[in-house]
Amino acid sequence: AAARRPPIVLLENVPGLLSAEGGGGALAKVVASLEAIGYDVSCAVIDSAALVPQRRKRLYIAATLRRGDGGTDGPSAWSWPALPTGATGAFRRSLAEVLDN
C-alpha cells in the first residue's frame, strides 16, 4: 500500500489474527503500519454464510486513505454494509431468482 497508495485497501485473514502474538499483537502491527502511511483502519469479523452457502468466519480489514494524504474527496471513515442474516442470505435469494426464471 505504501508504494501505490490506493484510496481503499481491503485485507482478509483468519479471525485468529485477533489473538495472534499474545492478544492481537499481529493485528496491532498491521493496523499501526497502515495508519503510519496515512490510512484510517476499520476491522470486522464477518461470517460468509450471509453471502455464500458455507459457514466461514473471516477477519476483514478496511483501510481508507485520509483525504489530506491523497485520498478521495469522500469521507475517509469506512462504513461496513449491512449483510443479510440466516437462511435467507443474498446467495440463496439470487439462486431462487435464477431457478424461478
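**Backbone, helix and core**

Q: Where is the place of Arg5?
A: Arg5 sits in the segment before strand 1. Strands (E, at least two residues) and helices (H or I, at least four) are DSSP runs, numbered from the N terminus.

Q: Before we continue, what sort of model is this, and how are residues numbered?
A: It is a predicted model, in which local features need pLDDT of at least 70 and side-chain atom pairs count only at pLDDT 80 or more, while totals for chains, interfaces and linings use all residues. Residues are numbered from 1 along each chain as its sequence is written, and side-chain values use heavy atoms, with hydrogens and water left out.

Q: Back to Arg5: what is its phi?
A: The phi of Arg5 is positive, about 55 degrees, although Arg5 is not a glycine. Most residues other than glycine have a negative phi.

Q: How exposed is Arg5?
A: Arg5 counts as partly exposed, because its relative accessibility is 29%. The classes are buried (under 20% relative accessible area), exposed (over 50%) and partly exposed in between, with a 1.4 Å probe and protein chains only.

Q: What is the secondary structure of the protein chain?
A: The protein chain has three helices and three strands. Along the sequence they follow the pattern β-α-α-β-β-α.

Q: Where is confidence highest, and where is it lowest?
A: Helix 2 has the highest confidence, at a mean of 91, whereas helix 3 (residues 90-100) has the lowest, at 55. For the protein chain, the mean pLDDT (the predictor's confidence in each residue, from 0 to 100) is 76, and 69% of the residues reach 70 or more. Where pLDDT is low, the predicted coordinates should not be read in detail.

Q: Then helix 2: what span should it have?
A: Helix 2 covers residues 25-36, twelve residues, and should span 16 Å at 1.5 Å a residue. The expected span is 1.5 Å times one less than the number of residues. The end C-alpha atoms of helix 2 are 16 Å apart, which agrees.

Q: Which residues are buried in helix 2?
A: Ala26, Leu27, Val31 and Leu34 are buried there. They lie on the same side of helix 2, because they cover an arc of only 135 degrees around the axis; the arc is that of the directions from the helix axis to the C-beta atoms. On the other side of helix 2, Lys29 and Ala36 are exposed.

Q: What covers the buried residues of helix 2?
A: The cover includes strand 1 (8-13), helix 1 (20-23), strand 2 (39-47) and strand 3 (57-65).

Q: And what follows helix 2?
A: Gly38 follows helix 2, and its phi is positive, near 100 degrees. The C-alpha atoms of Gly38 and Arg67 are separated by 8.9 Å, although these residues are 29 apart along the chain. Arg67 belongs to the loop between strand 3 and helix 3, and its 51% relative accessibility is why Arg67 counts as exposed.

Q: What makes up the largest nonpolar core?
A: Eleven residues make up that core, among them Val9, Leu17, Tyr39, Leu59 and Ile61. Helix 2 and strand 3 each supply at least two residues of this core. A nonpolar core is a set of buried Ala, Val, Leu, Ile, Met, Phe, Trp, Tyr and Cys residues joined through side-chain atoms within 4.5 Å.

Q: Ala63 interests me; what is it in contact with, leaving aside neighbours within four places in sequence?
A: Ala63 is in contact (heavy atoms within 4.5 Å) with Pro7, Ile8, Val9, Leu34, Tyr39, Asp40 and Val41. Ala63 lies in strand 3, and it counts as buried because its relative accessibility is 0%. Ala63 and Asp40 are 5.4 Å apart in space, C-alpha to C-alpha, and 23 residues apart in sequence.

Q: Changing topic: is Ser48 buried or exposed?
A: Ser48 is buried, with a relative accessible area of 13%. Its place is in the loop between strand 2 and strand 3. Leaving aside neighbours within four places in sequence, Ser48 is in contact with Gln54, Arg55 and Arg56.

Q: How far is Leu51 from Leu83?
A: Leu51 and Leu83 are 8.0 Å apart, C-alpha to C-alpha, and 32 residues apart in sequence. Leu51 is found in the loop between strand 2 and strand 3, and is partly exposed at 39% relative accessible area.
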